[in-house]
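This report looks at a surface patch and at pairs of charged side chains. Please view the sequence and the structure together before reading on.

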Amino acid sequence: MKGNNPAFDWHRETVRQGVLVLAAADSALSEQAITSTFSASPPAGGTENKATIKVVGVGGGGSNAVNRMLQSALQGVDFWVLNTDSQALASSPLAAQRKLQIGEKLTRGLGAGGNPAIGQRAAQESKAAIEAAIQGSDMVFVTAGMGGGTGSGAAPVVAGVAKSLGVLTVAIVTTPFSFEGRLRQRQAQEAIQQLKANVDTLIIIPNDKLLDAVDPNMPVTEAFRVADDVLRQGVRGISDIITVPGLVNVDFADVRAVMQGAGSSLMGQGRATGKSRARDAALSAISSPLLELGIDRATGIVWNITGPPDMTLFEVNEAAEIIYDLVDPSANLIFGAVVDPSMSQEVQITLIATGFGATEAAADARGVASAGAGQQAAAMQEQQSLRQPPLVAPPGPPQRQGSPPPIQVPEFLRKRRPKAY
C-alpha cells in the first residue's frame, strides 16, 4: 500500500510542506528555507536505485591503485583489496571488512613468491569468499599489475567469478616495465590471455608507454606511482560518468551497451589549461601514447570531460567535435561531463576506446594467411630443388698429393675469348 511506502510518504510530506511555505510567503520565511525544503534527500530505504559499482584491487599493484582512489575521494564506488600477502593487506587504509586474504591455507599470508600458479590456486581456494564480496554488484572493476604472482594468477579468477554472476566486468591492468625482466613480461602476457576470456572489457596500460609521457629523470619509485595513478584515472573516468551528476548524465545501461563484450580496449588521457584547454585536452587524449591503435578503428567510445565550475558548454562542444571527427560514424559513443569544484584551471579528458576485437581477428587472420603462404612457397621451392639435377663440376686434371685444390672457374668465363689489345 502507498501508506507503507517511505518514498511516497516523503514526496507527499514534501508537497505538504511546500504548500505551507507558499501560505507563509508573507512571513519572514527566507528563500534559503524554501530551497532547503525542496532539496531534502529521500529517506533511506526509498525507491531510488543506483548502480552498484565495486573496484577490486588484486595483488600489490591493484591494491596500491585502490589506495590512491581512496585518497582521491572517488564517489559512489565500493572498494575491495585482495592479496596473498597479509602484511601488504594490513598496510591498506581500507576497513578490515573490505580486505580479503586469499589462499590463507596455501600461502599462510606470505605471498605468492612471484608465481602466478600459486596466485591462481590461492584465488580458487578463496573462491566462495570472492563471490560473496562481489555479490549484488552491477559493475566490477578488476585492477591489477600483470607480471607478478598474485595479480597475474588471481585476477583472471576474480574476473571469472564476477562475469559468472552476470556482472559487467571491466579489467584495467598494467604490463611491466622493460627493466622488470623478461620473466615478468612473459607471465604478464599469459595472464592477459586468460583475462580476455573472463571479462567484458579489458583495458591494458603498457607501463613502457608511460615513459614517453613523463620526465626522463623521474625516479623508479615515482614511475610505479604514475602507473598506479593511471589505473585510478581509468576507473574514475568510467565510474564518474555513471555515479557523479554532471552537465550530461548517462545511464548505466548506456555504458553497459558499449562495454559489454567489447573485448580489448585502450585508454587515452589528456590535461590542459589556458584559453583552449578543452580543445588541447582532447587533442592530448586522442594522441596519448597509451593508445597503441587509432580510435578510428574502435566500435565504441566512452569519454568523460572533467573541469572546474567555470567550464562552459562551448568548451565541452569544442572537445566533442575533435573526438567525433576521428571516430567511425557507426561507432557507439557515450559521453559524460562532470564539474569538479576541487579543480581550478585544468580540464581533464579520459577516453576509453572499445571493440578492437574485429581488428585483432583480422590481424590474426592475416598472420595465419601469411604463415600459410610462406609454408606453401617453401614447399614449392623444395619440390623444384628435388626436380633439378645436382650441379657436378667438370672433370679436371688429377690432383697431386700436397698441392692446393684447383680453382673452380665458371663455365661462362672459360668460354670467353681473350681480348686483343
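F179, V220 and F224 make a nonpolar surface patch of about 290 Å², where a patch is made of residues with over 30% relative accessible area and no salt bridge, like charges being joined within 9 Å and nonpolar side chains (Val, Leu, Ile, Met, Phe, Trp, Tyr) within 5 Å. Accessible areas come from the Shrake-Rupley method with a 1.4 Å probe, and for residues only the protein chains shown count as cover. F224 lies in helix α11 (residues 220–243), helices being DSSP runs of H or I with at least four residues and strands runs of E with at least two, numbered from the N terminus.

This is a predicted model, in which local features need pLDDT of at least 70 and side-chain atom pairs count only at pLDDT 80 or more, while totals for chains, interfaces and linings use all residues. Residues are numbered from 1 along each chain as its sequence is written, and side-chain values use heavy atoms, with hydrogens and water left out.

The whole structure holds seven salt bridges, each a side-chain nitrogen of Lys or Arg within 4 Å of a carboxyl oxygen of Asp or Glu. Among them are these:

| Pair | N to O distance |
|---|---|
| R184 and E180 | 3.0 Å |
| D240 and R236 | 3.0 Å |
| D310 and R277 | 3.1 Å |

D310, in the loop between β8 (300–307) and α14 (313–326), and R277, in helix α13 (residues 277–286), are 33 residues apart, so that their pair links distant parts of the chain. R277 counts as buried at 5% relative accessibility, whereas D310 is partly exposed at 44%; buried means under 20% relative accessible area, exposed over 50%, and partly exposed in between (1.4 Å probe, protein chains only).
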